[in-house]
Amino acid sequence: MGGLLSTPEGLPTPAAFCEPEQKLVNKCMSDLNYDREKYKIACRDLFVSYRDCRQRWKDLKVEMQKAELGMLSIESDGPDSNDSGQKPK
């Protein structure tokens with residue numbers, strides 16, 4: 001079992017997790033000859049997509065670390081797991 005600073009087993013690196021987004025960002029910048037004035041506007045949506053991917057990776061890492069430590073069940077059967085908005089029977 002790893003500590004809070006270690007990457008949980010089975011979780012890819014952030015680079016591998018977000019590789020498709022990173023490739024699209026790199027291609028966009030390359031297509032614009034790395035001209036920052038052009039790519040900062042033209043590639044904006046791709047930068048946001050990459051940033052969001054990195055955040056999803058971080059969130060998943062925290063969730064997996066908590067699960068490893070027994071603080072959270074990834075598939076919770078508790079009373080809070082009812083997403084239908086109805087009261088439990």
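Me: Let me start with Tyr39. Does Tyr39 count as buried or exposed?
Reply: Tyr39 counts as buried, because its relative accessibility is 16%, and the cut-off for buried is under 20%. Please note that this is a predicted model.

Me: And what about Phe47, how does that one count?
Reply: Phe47 has a relative accessibility of 27%, so it counts as partly exposed.

Me: How many aromatic pairs does the structure hold?
Reply: The structure holds one aromatic pair. It consists of the rings of Tyr39 and Phe47, whose centres are 5.9 Å apart. Their planes stand at 50°, so the pair is tilted.

Me: New topic: the disulfides. How many are there?
Reply: There are two disulfides in the structure. Counting the bonded cysteines along the chain, the pattern is 1-4, 2-3.

Me: Which cysteine is joined to Cys18?
Reply: Cys18 forms a disulfide with Cys53, and the sulfur atoms are 2.1 Å apart. Cys18 lies in the loop between α1 and α2 while Cys53 is in helix α4, so the pair ties together parts that are 35 residues apart in sequence. Both Cys18 and Cys53 are buried.

Me: What is the handedness of that one?
Reply: The disulfide of Cys18 and Cys53 is left-handed, because the torsion about its S-S bond is about -100°.

Me: Then where does the other one sit?
Reply: The other disulfide joins Cys28 to Cys43, with 1.9 Å from S to S. This pair links distant parts of the chain, with Cys28 in helix α2 and Cys43 in the loop between α3 and α4, 15 residues apart. The torsion about the S-S bond of Cys28 and Cys43 is about -95°, so this disulfide is left-handed. Cys28 and Cys43 are both buried.

Me: You mentioned α2. How many residues does it have?
Reply: Helix α2 has 13 residues. From its first C-alpha to its last it reaches 18 Å, close to the 18 Å expected at 1.5 Å a residue.

Me: Which residues of α2 are buried?
Reply: The buried residues of α2 are Glu21, Val25, Cys28 and Met29. Viewed down the axis of α2, the buried residues fall within an arc of 95°, so they line one face of the helix.

Me: What do they pack against?
Reply: The buried residues of α2 pack against α1, α3 and α4.

Me: And what is on the face turned away from the buried side?
Reply: That face of α2 carries the exposed residues Pro20 and Lys23.

Me: What is the phi of Tyr34?
Reply: Tyr34 has a positive phi of about 55°, although it is not a glycine. Tyr34 is found in the loop between α2 and α3.

Me: Is Tyr34 buried or exposed?
Reply: Tyr34 is exposed, because its relative accessible area is 52% and the cut-off for exposed is over 50%.

Terms used
Residues are numbered from 1 along each chain as its sequence is written. This is a predicted model: local features need pLDDT of at least 70, side-chain atom pairs count only at pLDDT 80 or more; totals for chains, interfaces and linings use all residues. Side-chain values use heavy atoms; hydrogens and water are left out. Rings of Phe, Tyr and Trp (its six-membered ring) pair if their centres lie within 6.5 Å; planes under 30 degrees apart count as stacked, over 60 as edge-to-face and the rest as tilted. Buried means under 20% relative accessible area, exposed over 50%, partly exposed in between (1.4 Å probe, protein chains only). Helices (H or I, at least four residues) and strands (E, at least two) are DSSP runs, numbered from the N terminus. The expected span of a helix is 1.5 Å times one less than its number of residues. The arc is that of the directions from the helix axis to the C-beta atoms. Contact means heavy atoms within 4.5 Å. A disulfide is a pair of cysteine sulfur atoms within 2.5 Å.
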